[in-house]
Amino acid sequence: MGLFNRRSRAADGTPTKLDREATRDDLAALEAFIASRRGVEFYLEPETTATDTTVVAIADDGEWIRRRTGSPRAAAAIARRHAVPLYEAARTGYPDRMRAWNRAHPERRAR
């Protein structure tokens, strides 16, 4: 029956409903954000059980987007290509300007 089988579904290559991988659209959205905003910085978020590695791109006015990158190496490659600083969110936290932007745009939280 395998009801209490030790082998997980992810181990046998069967995707779970929580698996979410980066797509070309995710990477294109990050690049479009960089091209259309000033002072963008990347904050790397580690892979979790629900999603791949993500990056929060934060502009100088605090506006931000979060997109999957697939790996820290892919995030670093985009950052390097566009001369965008890359920080580890777990170490540095997020800048105050992001919180200020969130307070000024409460409609964005509903997403």
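1. Contacts first. A contact here means heavy atoms within 4.5 Å. By that count, 58% of the chain's contacts between residues at least 6 apart in sequence join residues at least 24 apart. The model is predicted.

2. Overall make-up. The chain holds 4 helices and 4 strands. Read from the N terminus, the elements run α-β-β-β-α-β-α-α. Of the 111 residues, 32% are buried. The chain exposes about 7800 Å², with carbon and sulfur atoms supplying 50% of that area.

3. The sheet. The 4 strands form an open sheet in the order β3-β2-β1-β4, and the pairing is mixed. The edge strands are β3 (64-68) and β4 (86-88), each pairing on one side only. From one strand to the next, the twist averages 25°. β1 (residues 41-45) pairs with β4 in the parallel sense, over 3 bridges. Within β4, Glu88 stands opposite Leu44. Helix α2 (residues 72-81) packs on this sheet and touches β1, β2 (54-58) and β4. The direction of α2 makes about 175° with that of β1.

4. The whole structure has 8 salt bridges. One of them joins Asp26 and Arg68, whose closest N and O atoms are 3.0 Å apart. Asp26 sits in helix α1 (residues 24-36) and Arg68 in strand β3, so the pair links parts of the chain 42 residues apart. Both residues are buried.

5. A salt bridge between strands. Arg66 and Glu45 meet through their side chains, at 2.8 Å from N to O. Arg66 belongs to strand β3 and Glu45 to strand β1; 21 residues separate them. Arg66, at 36%, counts as partly exposed.

6. A salt bridge within a helix. Asp96 and Arg99 pair at 2.7 Å, N to O. Both lie in helix α4 (residues 96-104), 3 residues apart, or about one turn of the helix. Asp96 is exposed, because its relative accessible area is 58% and the cut-off for exposed is over 50%. Arg99 has a relative accessible area of 38% and is partly exposed.

7. The tyrosines. A pair of aromatic rings is described by the distance of the centres and the angle of the planes. The whole structure has 2 aromatic pairs. In one, the ring centres of Tyr43 and Tyr87 are 5.2 Å apart and the planes stand at 35°, so the pair is tilted. Tyr43 lies in strand β1 and Tyr87 in strand β4, 44 residues apart. Tyr43 is buried, with a relative accessible area of 6%. Tyr87 is partly exposed at 31%.

8. The other tyrosine pair. Tyr43 also pairs with Tyr94: the centres are 6.0 Å apart and the planes at 50°, so this pair is tilted. Tyr94 is in the loop between α3 (89-92) and α4, and 51 residues separate Tyr94 from Tyr43 in strand β1. Tyr94 is partly exposed, with a relative accessible area of 27%. Which residues make up the aromatic cluster? Tyr43, Tyr87 and Tyr94 form one cluster.

Methods
Residues are numbered from 1 along each chain as its sequence is written. This is a predicted model: local features need pLDDT of at least 70, side-chain atom pairs count only at pLDDT 80 or more; totals for chains, interfaces and linings use all residues. Side-chain values use heavy atoms; hydrogens and water are left out. Helices (H or I, at least four residues) and strands (E, at least two) are DSSP runs, numbered from the N terminus. Buried means under 20% relative accessible area, exposed over 50%, partly exposed in between (1.4 Å probe, protein chains only). Accessible areas come from the Shrake-Rupley method with a 1.4 Å probe; for residues, only the protein chains shown count as cover. Two strands pair if DSSP finds at least two bridges between them. Axes are lines fitted to C-alpha atoms, for helices over the stretch in contact, and angles run from 0 to 180 degrees between N-to-C directions. A salt bridge is a side-chain nitrogen of Lys or Arg within 4 Å of a carboxyl oxygen of Asp or Glu. Rings of Phe, Tyr and Trp (its six-membered ring) pair if their centres lie within 6.5 Å; planes under 30 degrees apart count as stacked, over 60 as edge-to-face and the rest as tilted.
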